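Please read the following note alongside the sequence and the model.

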Amino acid sequence: MEAIHSATYKLVKRIKDSKFDVDELHHYCLSMQIGIRDFQMSITDTRTDTCLLLEDYILQDVKTINARLQVLAKLFENHHLLMAGFWSSIKLSLKSHKFSLIPATHFVEDSVRDYLMLNCTINDSVESEYTYKHTSSNVVNAFAADKRLVSWINSLYPNKEIEVIHQGSALIEGILKYNTEAESKIVYCILDRGIMHVFVSENHKLHYYNQFSIKEAKDYVKYVMLVFKEFNLNQRTQKVMLWGNISKGSDHYKLFSKYIGNISFGKRPANLKFNYHFDELADHQYFDLLSVYLCD
(Lines give C-alpha, C1' and ligand atoms only; values in the text may rest on other atoms or scores of the structure.)
Protein backbone atom coordinates (compact mmCIF):
# COMPACT_ATOMS: atom_id res chain seq x y z
CA MET A 1 0.00 0.00 0.00
CA GLU A 2 1.26 3.47 -0.85
CA ALA A 3 2.53 5.36 2.20
CA ILE A 4 1.05 8.84 2.02
CA HIS A 5 0.04 9.43 5.63
CA SER A 6 3.24 11.41 6.34
CA ALA A 7 2.77 13.73 3.36
CA THR A 8 1.63 17.23 4.23
CA TYR A 9 2.13 20.87 3.24
CA LYS A 10 3.78 23.94 4.71
CA LEU A 11 3.07 27.61 4.06
CA VAL A 12 6.37 29.40 3.35
CA LYS A 13 5.15 32.80 2.14
CA ARG A 14 1.90 34.73 2.39
CA ILE A 15 1.25 38.37 1.48
CA LYS A 16 -2.23 39.88 1.59
CA ASP A 17 -3.29 43.37 0.55
CA SER A 18 -5.60 45.04 3.08
CA LYS A 19 -7.89 45.97 0.16
CA PHE A 20 -8.67 42.30 -0.49
CA ASP A 21 -12.42 41.81 -0.13
CA VAL A 22 -13.94 38.34 -0.05
CA ASP A 23 -17.22 39.81 -1.32
CA GLU A 24 -15.48 40.90 -4.53
CA LEU A 25 -14.26 37.49 -5.73
CA HIS A 26 -16.38 37.81 -8.87
CA HIS A 27 -13.99 40.61 -9.91
CA TYR A 28 -10.84 38.64 -9.10
CA CYS A 29 -8.68 36.26 -11.12
CA LEU A 30 -7.38 33.20 -9.30
CA SER A 31 -3.98 32.07 -10.60
CA MET A 32 -2.55 28.75 -9.42
CA GLN A 33 0.77 27.06 -10.12
CA ILE A 34 1.51 23.44 -9.26
CA GLY A 35 4.85 21.66 -9.28
CA ILE A 36 5.94 18.23 -8.17
CA ARG A 37 6.41 19.39 -4.58
CA ASP A 38 5.03 22.91 -4.42
CA PHE A 39 1.90 24.98 -4.90
CA GLN A 40 1.54 28.73 -5.38
CA MET A 41 -1.48 30.95 -5.82
CA SER A 42 -2.11 34.63 -6.46
CA ILE A 43 -5.28 36.69 -6.69
CA THR A 44 -5.54 39.74 -8.93
CA ASP A 45 -8.25 42.37 -9.18
CA THR A 46 -9.15 42.36 -12.88
CA ARG A 47 -10.52 45.92 -12.71
CA THR A 48 -7.20 47.45 -11.66
CA ASP A 49 -4.66 44.68 -12.43
CA THR A 50 -3.62 44.86 -8.78
CA CYS A 51 -2.21 41.75 -7.10
CA LEU A 52 -4.01 41.33 -3.77
CA LEU A 53 -2.79 38.00 -2.44
CA LEU A 54 0.17 35.66 -2.90
CA GLU A 55 0.78 32.33 -1.17
CA ASP A 56 3.53 29.73 -1.55
CA TYR A 57 3.40 26.19 -0.15
CA ILE A 58 5.89 23.34 -0.01
CA LEU A 59 4.36 19.87 -0.37
CA GLN A 60 6.33 17.81 2.14
CA ASP A 61 7.21 14.09 1.92
CA VAL A 62 5.44 13.79 -1.43
CA LYS A 63 7.04 10.91 -3.33
CA THR A 64 4.32 9.96 -5.84
CA ILE A 65 1.70 11.69 -7.96
CA ASN A 66 -1.03 10.02 -5.88
CA ALA A 67 0.43 11.49 -2.70
CA ARG A 68 0.66 14.91 -4.33
CA LEU A 69 -2.99 14.84 -5.32
CA GLN A 70 -4.08 13.85 -1.82
CA VAL A 71 -1.96 16.55 -0.17
CA LEU A 72 -3.35 19.16 -2.55
CA ALA A 73 -6.88 17.98 -1.75
CA LYS A 74 -6.13 18.47 1.94
CA LEU A 75 -4.68 21.93 1.28
CA PHE A 76 -7.72 23.00 -0.77
CA GLU A 77 -10.21 21.66 1.78
CA ASN A 78 -8.53 23.61 4.58
CA HIS A 79 -8.20 26.83 2.59
CA HIS A 80 -10.78 29.58 3.06
CA LEU A 81 -10.67 30.74 -0.59
CA LEU A 82 -9.61 27.94 -2.92
CA MET A 83 -12.93 26.12 -2.80
CA ALA A 84 -14.90 29.22 -3.80
CA GLY A 85 -16.39 28.93 -7.26
CA PHE A 86 -17.37 32.42 -8.30
CA TRP A 87 -14.10 33.90 -9.55
CA SER A 88 -13.99 36.18 -12.57
CA SER A 89 -11.48 33.78 -14.12
CA ILE A 90 -9.21 30.89 -13.13
CA LYS A 91 -5.78 30.09 -14.57
CA LEU A 92 -3.76 26.97 -13.82
CA SER A 93 -0.03 26.81 -14.53
CA LEU A 94 1.67 23.41 -14.41
CA LYS A 95 5.37 22.80 -13.97
CA SER A 96 6.51 20.12 -16.41
CA HIS A 97 9.74 19.23 -18.20
CA LYS A 98 7.68 17.58 -20.94
CA PHE A 99 7.04 20.34 -23.46
CA SER A 100 7.76 21.42 -27.03
CA LEU A 101 7.53 24.82 -28.72
CA ILE A 102 6.15 24.76 -32.27
CA PRO A 103 5.81 27.68 -34.70
CA ALA A 104 2.09 28.37 -35.01
CA THR A 105 2.33 28.33 -38.80
CA HIS A 106 3.49 24.69 -38.67
CA PHE A 107 1.32 23.52 -35.79
CA VAL A 108 -1.13 20.66 -36.45
CA GLU A 109 -3.55 19.88 -33.61
CA ASP A 110 -3.56 16.15 -34.34
CA SER A 111 0.24 15.98 -34.11
CA VAL A 112 0.70 17.14 -30.51
CA ARG A 113 1.81 13.67 -29.42
CA ASP A 114 4.40 13.59 -32.23
CA TYR A 115 5.85 16.96 -31.20
CA LEU A 116 6.23 15.83 -27.61
CA MET A 117 7.67 12.44 -28.50
CA LEU A 118 10.66 14.22 -30.04
CA ASN A 119 11.64 15.44 -26.56
CA CYS A 120 10.14 13.04 -24.03
CA THR A 121 8.10 9.94 -23.32
CA ILE A 122 4.41 10.24 -22.45
CA ASN A 123 2.89 7.92 -19.86
CA ASP A 124 -0.66 7.41 -21.16
CA SER A 125 -1.89 6.01 -17.86
CA VAL A 126 -1.30 9.26 -15.97
CA GLU A 127 -0.57 12.02 -18.51
CA SER A 128 -2.48 13.93 -21.19
CA GLU A 129 -1.37 16.51 -23.74
CA TYR A 130 -2.28 20.20 -23.55
CA THR A 131 -1.50 23.24 -25.66
CA TYR A 132 -1.27 26.99 -25.24
CA LYS A 133 -0.96 29.40 -28.16
CA HIS A 134 1.15 32.53 -27.74
CA THR A 135 -0.55 34.91 -30.13
CA SER A 136 2.02 37.68 -29.71
CA SER A 137 4.98 35.45 -30.55
CA ASN A 138 3.17 33.09 -32.95
CA VAL A 139 4.28 29.99 -31.03
CA VAL A 140 2.35 27.04 -29.58
CA ASN A 141 3.53 25.37 -26.39
CA ALA A 142 2.56 21.69 -26.34
CA PHE A 143 3.06 19.98 -22.98
CA ALA A 144 2.15 16.90 -20.98
CA ALA A 145 0.83 16.90 -17.42
CA ASP A 146 -0.99 14.75 -14.88
CA LYS A 147 -4.49 14.33 -16.29
CA ARG A 148 -6.01 13.36 -12.93
CA LEU A 149 -4.71 16.59 -11.42
CA VAL A 150 -6.24 18.70 -14.20
CA SER A 151 -9.50 16.74 -14.04
CA TRP A 152 -9.67 17.24 -10.27
CA ILE A 153 -9.08 20.99 -10.55
CA ASN A 154 -11.78 21.22 -13.23
CA SER A 155 -14.21 19.34 -10.97
CA LEU A 156 -13.76 21.96 -8.25
CA TYR A 157 -14.95 24.76 -10.54
CA PRO A 158 -17.65 23.21 -12.74
CA ASN A 159 -19.03 26.59 -13.81
CA LYS A 160 -15.69 27.97 -14.99
CA GLU A 161 -13.54 27.23 -18.02
CA ILE A 162 -10.06 26.96 -16.57
CA GLU A 163 -7.09 28.16 -18.65
CA VAL A 164 -4.46 25.41 -18.38
CA ILE A 165 -0.95 26.54 -19.26
CA HIS A 166 2.64 25.44 -18.89
CA GLN A 167 4.96 27.28 -16.49
CA GLY A 168 7.16 28.12 -19.47
CA SER A 169 4.23 29.86 -21.17
CA ALA A 170 3.73 32.12 -18.16
CA LEU A 171 7.42 32.99 -18.29
CA ILE A 172 7.34 33.60 -22.05
CA GLU A 173 4.41 36.00 -21.71
CA GLY A 174 6.04 37.72 -18.75
CA ILE A 175 9.40 38.12 -20.48
CA LEU A 176 8.11 39.30 -23.86
CA LYS A 177 5.92 41.90 -22.16
CA TYR A 178 8.58 42.84 -19.63
CA ASN A 179 11.01 45.12 -21.45
CA THR A 180 9.35 47.11 -24.19
CA GLU A 181 12.54 49.08 -24.87
CA ALA A 182 14.89 46.15 -25.45
CA GLU A 183 15.99 45.59 -29.04
CA SER A 184 19.23 43.68 -28.43
CA LYS A 185 19.56 40.09 -27.24
CA ILE A 186 18.92 39.48 -23.55
CA VAL A 187 19.40 36.22 -21.67
CA TYR A 188 16.85 35.59 -18.93
CA CYS A 189 17.42 32.99 -16.19
CA ILE A 190 14.70 31.96 -13.77
CA LEU A 191 15.81 29.83 -10.82
CA ASP A 192 13.09 27.58 -9.49
CA ARG A 193 13.37 24.78 -6.92
CA GLY A 194 15.95 22.48 -8.54
CA ILE A 195 15.25 23.82 -12.04
CA MET A 196 16.65 26.69 -14.08
CA HIS A 197 14.73 28.15 -17.03
CA VAL A 198 16.81 29.95 -19.67
CA PHE A 199 15.38 32.26 -22.36
CA VAL A 200 16.94 34.32 -25.11
CA SER A 201 14.88 37.09 -26.69
CA GLU A 202 15.57 39.97 -29.03
CA ASN A 203 13.31 42.77 -30.22
CA HIS A 204 10.29 41.18 -28.42
CA LYS A 205 10.86 37.85 -30.20
CA LEU A 206 11.66 34.58 -28.47
CA HIS A 207 14.78 32.85 -29.85
CA TYR A 208 15.30 30.15 -27.24
CA TYR A 209 13.74 28.48 -24.23
CA ASN A 210 14.79 25.43 -22.27
CA GLN A 211 14.82 24.24 -18.68
CA PHE A 212 17.60 22.40 -16.91
CA SER A 213 17.67 20.18 -13.84
CA ILE A 214 20.17 21.52 -11.30
CA LYS A 215 22.04 19.00 -9.17
CA GLU A 216 24.81 21.27 -7.84
CA ALA A 217 25.65 24.97 -7.93
CA LYS A 218 28.12 24.75 -10.80
CA ASP A 219 25.34 23.44 -13.06
CA TYR A 220 23.84 26.95 -13.21
CA VAL A 221 26.88 28.40 -14.93
CA LYS A 222 27.49 25.28 -17.02
CA TYR A 223 24.09 25.48 -18.69
CA VAL A 224 24.17 29.25 -19.16
CA MET A 225 27.57 28.92 -20.83
CA LEU A 226 26.13 26.32 -23.21
CA VAL A 227 23.52 28.86 -24.29
CA PHE A 228 26.21 31.55 -24.63
CA LYS A 229 28.18 29.23 -26.88
CA GLU A 230 25.15 28.36 -29.02
CA PHE A 231 24.38 32.04 -29.66
CA ASN A 232 28.03 33.19 -29.71
CA LEU A 233 27.47 35.63 -26.82
CA ASN A 234 30.17 37.57 -24.97
CA GLN A 235 30.54 36.66 -21.28
CA ARG A 236 31.73 40.13 -20.33
CA THR A 237 29.14 42.25 -22.12
CA GLN A 238 26.05 40.11 -22.70
CA LYS A 239 23.12 41.26 -20.56
CA VAL A 240 21.76 38.53 -18.29
CA MET A 241 18.69 39.02 -16.10
CA LEU A 242 17.91 36.85 -13.07
CA TRP A 243 14.64 35.98 -11.39
CA GLY A 244 13.67 33.45 -8.75
CA ASN A 245 15.12 31.89 -5.62
CA ILE A 246 18.41 33.78 -5.45
CA SER A 247 19.72 36.79 -3.56
CA LYS A 248 22.64 39.13 -4.17
CA GLY A 249 24.57 37.81 -1.18
CA SER A 250 24.08 34.14 -2.07
CA ASP A 251 26.81 31.81 -3.29
CA HIS A 252 24.78 31.20 -6.44
CA TYR A 253 24.82 34.90 -7.33
CA LYS A 254 28.55 35.12 -6.63
CA LEU A 255 29.08 32.16 -8.97
CA PHE A 256 27.08 33.85 -11.74
CA SER A 257 29.00 37.09 -11.23
CA LYS A 258 32.33 35.28 -11.51
CA TYR A 259 31.59 34.18 -15.08
CA ILE A 260 29.13 36.82 -16.34
CA GLY A 261 30.08 40.48 -16.47
CA ASN A 262 26.69 42.12 -17.08
CA ILE A 263 24.20 40.58 -14.68
CA SER A 264 21.21 42.09 -12.89
CA PHE A 265 17.95 41.15 -11.19
CA GLY A 266 14.65 41.43 -13.02
CA LYS A 267 11.60 43.14 -11.59
CA ARG A 268 7.92 42.26 -11.30
CA PRO A 269 5.67 42.22 -14.38
CA ALA A 270 5.13 45.86 -15.36
CA ASN A 271 1.53 45.07 -16.31
CA LEU A 272 0.63 44.43 -12.66
CA LYS A 273 0.23 46.80 -9.73
CA PHE A 274 1.32 46.16 -6.14
CA ASN A 275 0.59 48.09 -2.97
CA TYR A 276 3.01 48.54 -0.07
CA HIS A 277 2.10 45.16 1.43
CA PHE A 278 4.35 43.54 -1.19
CA ASP A 279 7.39 45.63 -0.24
CA GLU A 280 8.67 42.74 1.88
CA LEU A 281 8.94 40.62 -1.28
CA ALA A 282 12.02 41.01 -3.48
CA ASP A 283 11.08 42.29 -6.94
CA HIS A 284 12.71 39.33 -8.69
CA GLN A 285 10.73 36.66 -6.82
CA TYR A 286 7.62 34.80 -8.07
CA PHE A 287 7.89 36.17 -11.60
CA ASP A 288 6.44 32.94 -13.03
CA LEU A 289 3.42 32.91 -10.71
CA LEU A 290 2.69 36.61 -11.26
CA SER A 291 3.00 36.19 -15.03
CA VAL A 292 0.27 33.52 -15.10
CA TYR A 293 -2.25 36.38 -14.98
CA LEU A 294 -0.80 37.75 -18.24
CA CYS A 295 -1.79 34.61 -20.18
CA ASP A 296 -5.07 35.18 -22.04
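**Notes on helices, sheet and cysteines**

1. Helices α5 and α6 cross in the right-handed sense, where right-handed means that the near helix is turned clockwise from the far one by less than a right angle, and left-handed that it is turned anticlockwise. This is a predicted model, in which local features need pLDDT of at least 70 and side-chain atom pairs count only at pLDDT 80 or more, whereas totals for chains, interfaces and linings use all residues. Residues are numbered from 1 along each chain as its sequence is written, and side-chain values use heavy atoms, with hydrogens and water left out.

2. The axes of α5 (residues 218-231) and α6 (residues 251-259) come within 9 Å and cross at roughly 35 degrees; axes here are lines fitted to C-alpha atoms, for helices over the stretch in contact, with angles from 0 to 180 degrees between N-to-C directions. K218, Y220, V221, V224 and M225 of α5 meet H252, L255, F256 and Y259 of α6, contact being heavy atoms within 4.5 Å. These contact residues comprise 7 nonpolar, 1 polar and 1 charged, counting Ala, Val, Leu, Ile, Met, Phe, Trp, Tyr, Cys and Pro as nonpolar, Asp, Glu, Lys and Arg as charged, and the others, Gly among them, as polar. Helices (H or I, at least four residues) and strands (E, at least two) are DSSP runs, numbered from the N terminus.

3. An open sheet is formed by 3 strands in the order β6-β8-β7, with antiparallel pairing; two strands pair if DSSP finds at least two bridges between them. Its edges are β6 (99-103) and β7 (127-134), each of which pairs on one side only. Between β7 and β8 (residues 139-146) there are 8 bridges, and E129 has A144 of β8 as its bridge partner. Helix α3 (residues 147-156) lies across β7 and β8, at about 95 degrees to β8.

4. Helix α4 (residues 167-176) packs on this sheet and touches β6, β7 and β8, its direction making about 10 degrees with that of β7. Because 10 of the 10 residues of α4 are buried, this helix is largely enclosed by the rest of the structure; buried means under 20% relative accessible area, exposed over 50%, and partly exposed in between (1.4 Å probe, protein chains only). S169 belongs to α4 and has a relative accessibility of 0%. Leaving aside neighbours within four places in sequence, S169 is in contact with Y132, H134, N141 and C295.

5. Strand β10 (residues 186-191) is joined to β11 by 6 bridges in the antiparallel sense, and the two form a hairpin with 3 residues between them, where G194 has a positive phi of about 80 degrees. In β11 (residues 195-202), 6 of the 8 residues are buried. This strand also pairs antiparallel with β12 (residues 205-213) over 8 bridges, and in that hairpin, which has 2 residues between the strands, N203 takes a positive phi near 55 degrees.

6. How many disulfides are found in the whole structure? The search gives 0 disulfides, a disulfide being a pair of cysteine sulfur atoms within 2.5 Å. For C51, the closest cysteine sulfur is that of C29, at 10 Å, which is too far for a bond. C51 is buried at 1% relative accessible area, and S42 of strand β3 (residues 38-45), itself buried at 2%, touches both C29 and C51.
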